Each structure stands twice: as structure tokens, then as C-alpha cells.
Amino acid sequence: MSTGATIALLGQPNSGKSTLFNVLTGMRQHVGNWPGKTVEKKEGSFSYGGKEYKVADLPGSYSLSANSDEEVITRDFIASGKADVVCILADSSQLQRSLFMLADYAGINVPCFLLLNMADVAEDQGKKIDAKAIEEKLGIPVVPFSATDVKSYDSFYRTLERALSTNAKIKIDDLAGQYESIKEYQDICDLIPDNTIEGYSSMWLAVKVIENDEVVMAKLKNSLGADTFNKIEAARKNSSGAVATGGCKFKWIDELLGGAVRTDEKPVSLSRLDRIYTNRTWGKAAVILTVLLGLIASFIPALPLMGVGEAILAIKAPVMSALSSAGCPEFLVLVVGDVIIQSFSYIFKMLGFVFGVTLVFGLLEEVGVMARISYVFDNTMGKLGLQGKSVMPFLVSFGCTMGGAAGARVIDNWGQKVLTIALAWAVPCGAAWATIPMLSSIFFGPGAVAVIAVILLTMLAHMWVTAKIFGGKLVKKEDRFGMIMELPPYHKPKWGALFRYVLGRTKETFVRVTKVILLVCGIFWLLSYSPSGSGGILYRLGVIIEPVTKFFGLPWQLFLSYIASAVGKEGAVGVISALYSGGSYGTAFSQAMAGGADTSNLSSLLLANVTKPEALAFIFAMTFNMPCVVALAATFQETHSAKWTARIVLYYTAVSLILAFLAYHIGLLIW
Amino acid sequence: MSLSEVKENKEALISEISGDTRFMSRITSIGLTPGCRVRVVKNDKNRPILVYSRDTMIALNRNECRGITVEEVTA
């Protein structure tokens, strides 16, 4: 297959860019980070007419200014010539506003074409758009389109070819004419020759100067003489900035659309659903209910894969005994059973959850509900430096942290996404919530309620402190601003594209997390393995450093159980019970992880061996420890960063021990 | 008057926008420019303001709106 062109997709948020990207590339996509940047990079490919085209889904933003790394990366990617053609998307139902991106693009020297997306929605609203008339004025191919309609794609491919073969560029004379109404524009324009910065016309650069674009100003300072630059700077100071150029852009758009768009004026009002979400009293409750229902709904598509995970676990014992009786060395039997089969059981359960959460919350995003969640929780989450959407991963994490990490995918800013995941780890998951009340009631009776309340308060404080510690690096101060966002109309979902996207992400997750989980489970198993059945590195280490761990309120049995809780919290209590009843750590660990540990005489065993302050220390250490191996893998998968994943792990290990220390010593004062 | 003082379901014309470079660029790119007509759809304390303009429902943080001066349209 011959290599075709590289296409860049450019459009404002909610322009349908992601849907187009998913339908075009299907499962052939890859998500990573831009080199050295905290911005997500989405690439994919598709074949058409015997050629293989590459597609870059550029980060969504409202303009091409220098407000964020996303915008700078987008325009540099285009102007550097990495894309052969740029596909600009606009929303037909809000054409005037969404053409702003086109107006901001005009003057960049790369061929392009315009997709008037959501043509069906505009039609339903009674808008009639004459694409041919717009095309004539613009000088580039313009095509009505509906990303959710399969039939539209033929015209997409044809328009793409047409833009490439005609090397289509936007006619900028009329736009330049508008800019001339700004007094300083012409002077600045005359001082900057075309391509002073590669790929940009002097008009585009002059407009960015007036808008006081830091990146452009710095580059001009470098490439023009000091004398010229000072003249430019002096002229800029007199101008009225982005408000003036923005006005010109919209005047140009108005003239462009003049006679080409007819609409029936309808009075605006909020839909019934939006009246609930925006209600001052009930809005937050409605959002929390929506997320919880979404969490429950995501178990339905998750069940088949989770069933596979359970089935894999069920064959563990028969396979191990079959291997033993076939004369396999014990070491090999254990590796197959406790590492490989156990890991794949985890992996499939995780995939089920990732599949369900990505599908349900991807759907909420596509339909437009996620934007309402952002709106309702903007003030609250803004205090942590996050978007309103971050409330969703937090709530999901009460069920399962990996679901929270997978759900954080809807956050479009990488730094905020990593910070959200880092904070979601502080939310005790379902397995922790099963353990906390059980242990607390054994030791503290009715006082268990107080323990749970303190755990919840600690969680809030933990999130707040973590936001302060990691927030500075992940979410820069200049990126912390209040919401200026469109609340898009509700859209019908495109099921086919959504499913393909979800399947693609699940497959990618499978490939990436398998390695991580096998590795971590393998290391833990090796550390707990003992050929004679009574030792193991972790066991010996645990016993040796007991004087230190006792300082944190953890005798070696509890400390080893704490270590096991980093693999999976389900197993923590099983490990304690096995160790206090004299079992070896290796066996206790593998049994507990498989959920088969004997906990029948737990309460008498614990009360005989563990003091109240120690129990309290353990509850805190276990609850705020790394959630589990699978959450670790999901975090790595979503952040694409081994460095940040490792940082979060170390941080949580340290904080959980500090909390254990505090709990223990406060406990000593009480009892 | 400031945009945040406009009552729900009232219309207003934007007369002036002021603020730092970043704010001006963000607010114009979402379609709010001087001369633009907006309708305040929702104006509750502690929530972003909802305005409707250029066929679009826009949510604006209350603090950010302080730089938007409007004249109420009486009709």
C-alpha cells in the first residue's frame, strides 16, 4: 500500500472531532504524549483508495493563541509542515461561533478544507446552509458533513483528495481588509515579512502581535533586528488587543455567512434535564446520582470479561494439581499458578471494568452530560486546581480505583488528568470499605463508626494536601482559571464509533497492563517464595526490620499484610489470619490473593495477638496504601508516564506509613 | 453594569471587555465580543453564569465575568 497524506484534524471542543477521528481510524490509533510535553498526542491511520493516510487528532481548543501548551503544539505542528492538509471542523448548528477557529487559522500556509459538521442537527433546527456559496468566498473545499452518518464519509474522502490536489488555501484578502480597520495593524504587518516564522503569513503574525501572543513575540524578537522589534512593540502597546482582532474575525465570518445561512429564530430555553442539572439545590445531587448510576451501568458490559477473570481463577487449582501430578517441579507449578494464572485473572477482571467504564462514561461525554458535570462542580473542583469533571473519577474510585483511573480519560488536560488520578488514589475503594468496618468492629465495637468517619475526614485532608504537593507541577498557575466553556446541546451517540473506540482502548490497555501486572505480581511472588516453605525474602526482611516497623505500629505480621495490600486489598485480612495462625508468608499470600484464605476464627486470633493502637495503625496503613497492582497498571496506562506513576506510588507508600505512625501514637495515648 | 449583574432571562449588549491577554483571547474565541448580544439564562450564586449567544450556551466563571461590561437591552 502506498503512503498517502498526513491529515491534521482541527476544531473547537464539541465540534465532533473525536467522533470523526474514531470513525476514520477505528482500532488503528495510538495515544501517547507529545515529546517532552504534558499534552496527549493522538494519532491513527486509515486506508482509502489503496493509500494509507495518517491522521493526527490535534488537541481541542477554542483558538490558536498561546494560552496553553495544547494550542502552541497544535499550531506549531501544522506550520512546521508535518501535516499535508488540515481538516477544519465547524459545528453547523452554531456556525458563526465555531468558525472562529477557521478565522484564527487563516494565514497559516498549509492546505486545508472545511467540514460543516452536524449538518443534520442544523437541519433539524431549521437552518439552511449554502456550502457552495461559502466555498466560493473562502477558496477552499467546504462540505456539509455529519460525523455520525456513515454515508457522509464518501464526501469526506472526496473533499480530502480535492483539497490535496488543488493545494487549497484560504483567501485572506477580505480578512486582511477587516484587520486594516485596526489602526496599528498595517504598520506592524509591514514590519514583518511573510515566513519570518516558517509557515505563517505576515497577516497572521501581525494579528498575533496585536493579541500580545508571548510565543510569537519571543520568536520575532529573535529573528528581527532590535530596531524593528522595538517599533513593533511600540505599535502593539497602543492597540486594543484580542478584543479588536476578535471583532474583525467575527465581522469577516458574518460577511462570509451573509446570504449563505438562513435560520428560523427560536427562543432559547434550558431543556428539562438541564433545568435539573443547573438547579441550585438539586444540581449536585443529580450529578452524583448520574455518576453512581453510570458506575452501576458500567458493570453490565463489564460482567462477561469479569466472568472470564473468575473462570481463569477457577482453573488455577486444577491446573496446579495437574502439573504437580505430572511431575512438574514445584517452582514451575507455583510460577504458572500464582504468577501467570493469577495475573491473567486480575487482567481480565480489570479489562472488564475498563471496558464498562470507558463505554459508559465515554457515552456520557459524547451525549453532552459530562459538560454539565463540569459546570455543576466547577467551583468545588476548581479549588483543587481541577475541572468539574474530576468529580466523576473520585466517585467511581469509591467502587474501584482502576475504574476511576480509566474514567479520568474524559479529562482533556493531561496535568489535570494525572492530578485527578493521584487524588483518586486517596479514595478508599470497595475492597478497603469491606475491610475497614470488619476490622474496626472487631477491635472497637460501636467505635467503628468513629473510625469510618475519621477515615473519610483523612481522605479529604489527604486529597487536599496531595493537590497542594503535586498540583504545582501538574497544573501550572497560569492554567488555573475559571470556566469559560460551551455547554453543548445534547447529541445522539454514534454507537458504532463509540464501540470501536472502546474496543481499541481495551485492546491497548490489555497489551500495556499485561506487562506491568505480570512484572509486579512476579516480583512480589519471588520475594515471598521460599523453597523450604518457611522463609522467603519478604518474610525474613519483615522480621529483621520489625523494630523499625513497630515504630509505625506494625509488627511483622501486620507489616507483611500491609505489603500484600499493595497488590490487592482483598487479600490483606487473609494474610493476617494466615500469619497469626502460623502459616508461611508465601502460601498465605497466594491463598489470600486467590480469595481462599481461612478467616473463620479471625476475631479471636486478632484480639489475642494485636493491640488496639496497632489495629488502628494497620487500618490506616492499609486504607491509604497503593490501591492495588491493577490500579497501578491503569494509572500507568492513562498517564503514559512511568515517572509520574512511580512518584505517586512512592508518595502513597510514604503517606500511608506516616498516617499509620500518627494513628498508632494517638492510639497509644487513648488506650 | 457588569454581566454578572444582569438578571435571569434578560438580554444585554456587550459594551466593553477588559482583562489580561489570556482572558481577552479566551473570551473572544468563545464568541463574546463587544457589540455581541447575550441572553442571561441562569445566574445563581456559586455557580458559573449561563449565557446564550451566537446560538451557543456558554458557562462563565463569575470572577472571570467581572471584565465584561454590558448594557441591558430593554424590550
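**View 1. Burial and overall dimensions of chain A in the predicted model.** Of the 671 residues of chain A, 52% count as buried, a residue being buried if 20 or more other C-beta atoms lie within 10 Å of its own, exposed if 12 or fewer, and partly exposed in between, with C-beta atoms placed from the backbone. This is a predicted model, in which local features need pLDDT of at least 70 and side-chain atom pairs count only at pLDDT 80 or more, while totals for chains, interfaces and linings use all residues. Residues are numbered from 1 along each chain as its sequence is written, and chains are lettered from A and ligands numbered from 1 in the order in which they are written. The secondary structure of chain A comprises 34 helices and 10 strands, where helices (H or I, at least four residues) and strands (E, at least two) are DSSP runs numbered from the N terminus. Chain A has a radius of gyration of 29 Å, close to the 26 Å that the globule rule gives for 671 residues, so it is as compact as a globular protein of that length; the radius is taken over C-alpha atoms, and the rule is 2.2 Å times the number of residues to the power 0.38. Along the principal axes, the C-alpha atoms of chain A fill a box of roughly 85 × 55 × 55 Å.

View 2. Chain A is divided into domain 1 (2-171), domain 2 (175-262), domain 3 (274-430 + 485-510) and domain 4 (516-670), with bounds that come from an automatic or database domain assignment. The C-alpha centres of domain 2 and domain 3 of chain A lie 45 Å apart. L607(A) belongs to helix 31 (residues 602-609) of chain A and counts as partly exposed, because it has 13 C-beta neighbours inside 10 Å. From C-alpha to C-alpha, L607(A) and N222(A) are 73 Å apart in space, and 385 residues separate them in sequence.

**View 3. The largest nonpolar core and the surroundings of I88(A).** The largest nonpolar core has 240 residues, and those with the most contacts inside it are L9(A) and I88(A); such a core is a set of buried Ala, Val, Leu, Ile, Met, Phe, Trp, Tyr and Cys residues joined through C-beta atoms within 7 Å. Helix 17 (residues 330-367) of chain A supplies the largest share of this core, 16 residues. Leaving aside neighbours within four places in sequence, I88(A) is in contact with L10(A), G11(A), M101(A), L102(A), Y105(A), C112(A) and L114(A), a contact requiring that the C-beta atoms of two residues, placed from the backbone, lie within 7 Å.

**View 4. The interface between chain A and chain B.** Here 31 residues of chain A are in contact with 32 residues of chain B. On the chain A side, helix 3 (95-98), helix 13 (241-257), helix 19 (378-382) and strand 10 (484-486) each supply at least two residues, and the largest share, 6 residues, comes from helix 13 of chain A. Strand 10 of chain A runs antiparallel to strand 4 (residues 56-60) of chain B and is joined to it by 3 bridges, strands being paired if DSSP finds at least two bridges between them. The bridge partner of I484(A) in strand 4 of chain B is L60(B).

**View 5. The fold of chain B.** Chain B has 1 helix and 5 strands, which follow the pattern β-α-β-β-β-β along the sequence. Of the 75 residues of chain B, 55% count as buried, and the C-alpha trace spans about 35 × 25 × 25 Å along its principal axes.
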